[in-house]
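Q: Could you walk me through this one slowly? I'd like to begin with the words you use and then go on to the residues.

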Amino acid sequence: MHYIALDTNTWVYLANGMEPVRLLHYLKNEVEKGNIKILLPEIVSNEWEIHKEKSVRQGSIKHFNDIKDALERLLKLLGDKGEKGFLSFLLYEEDKKEYFEDFFNSFKHKKKEIEDAVNENIKLVDELFKNHAVKIDIKESIYKKAGQFALGKKAPFKMKNSFADALILFSYLDFLLSEGIDSGIFVTYNTEDFCEKKDGKKLLHPDLINEFDHAKCKFYKIVGEAINTIEKDIVSKEELELIEEMQNERSSSDNPEFCEICQYNNNEY
């Protein structure tokens, strides 16, 4: 049996396509077979209810619209049929604009398909939470521990006020210890708070290594990477590299209300 806890942002990215949706279905199938148990800290459940609308539905449509706008700009740069556009060096001998127009028109019609897929993914996560997850309450001692880490400015309190993140992690690790579970897996996309950069890689922060070791829990930044330890090569090396690349680029695009003008105040008001 594998006991898996995913941070809120990780459920969001499974639902909006940041990671292959087949992983979400894999989790569902393995949970129903009794091979995987999903452990759900109550804060994750609460945050999911808030973010599934904004970060999943709206975020997916924003990403779609960003691509559509980029394609529209490309079509304009190519110029009208028979003309030499600004990017004419892309075209060799014959004008290929008709190809781009066909591709663009085909892409525009995908919006409804994307919306339907996202809605189905949200329903799947809701069903997992309601019927197949073990809920984890937060003990008073966990609040105290999170406060001690905050006062000591230890991870996950390096970049911002990450009290909720700390409660999610510590309540999960405490559950593993209290239940005698030694096959725990924790996955989060929040590398800014949980990791440190070393030799060009993002590794679990030293402040948290002992916590994970004590609970005999494994830490991962990508769901596919974690699932590969259960089902070998379910996600290819190339896919993992692409996910990590998108992970590194996502910062402002995560938030549909992100303001580029205000990005430097770290609050994005």
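A: Let me start with a definition: buried means under 20% relative accessible area, exposed means over 50%, and partly exposed lies in between, with a 1.4 Å probe and protein chains only. This is a predicted model, in which local features need pLDDT of at least 70 and side-chain atom pairs count only at pLDDT 80 or more, while totals for chains, interfaces and linings use all residues. Residues are numbered from 1 along each chain as its sequence is written, and side-chain values use heavy atoms, with hydrogens and water left out.

Q: Okay, so is Glu-49 buried, exposed or partly exposed?
A: Glu-49 is partly exposed, because its relative accessible area is 47%.

Q: And which side chain does Glu-49 meet in a salt bridge?
A: The side chain of Glu-49 meets that of Lys-52 at 3.3 Å, N to O, where a salt bridge is a side-chain nitrogen of Lys or Arg within 4 Å of a carboxyl oxygen of Asp or Glu. These two residues are about one helical turn apart, because they are three residues apart in helix 3 (residues 42-78). Helices here are DSSP runs (H or I, at least four residues), numbered from the N terminus.

Q: Why do residues with that spacing point the same way?
A: An α-helix has 3.6 residues a turn, so residues three or four places apart point the same way.

Q: What about Lys-52, buried or exposed?
A: Lys-52 is buried, because its relative accessible area is 15%.

Q: Which other residue forms a salt bridge with Lys-52?
A: Asp-126 does, with its side chain meeting that of Lys-52 at 3.1 Å, N to O. This pair links distant parts of the chain, since Asp-126 is in helix 5 and Lys-52 is in helix 3, 74 residues apart.

Q: How many salt bridges does the structure hold?
A: It holds nine salt bridges, and another one of them joins Glu-120 to Lys-123, with the closest N and O atoms 3.7 Å apart. Both of these residues lie in helix 5, three residues apart.

Q: New topic: how many disulfides are there?
A: The structure holds zero disulfides, a disulfide being a pair of cysteine sulfur atoms within 2.5 Å. Cys-195 counts as buried, because its relative accessibility is 7%.

Q: Last one: how many residues of helix 1 are buried?
A: Eight of the eight residues of helix 1 (residues 8-15) are buried, among them Trp-11 and Tyr-13. Just after helix 1, Gly-17 takes a positive phi of about 95°.
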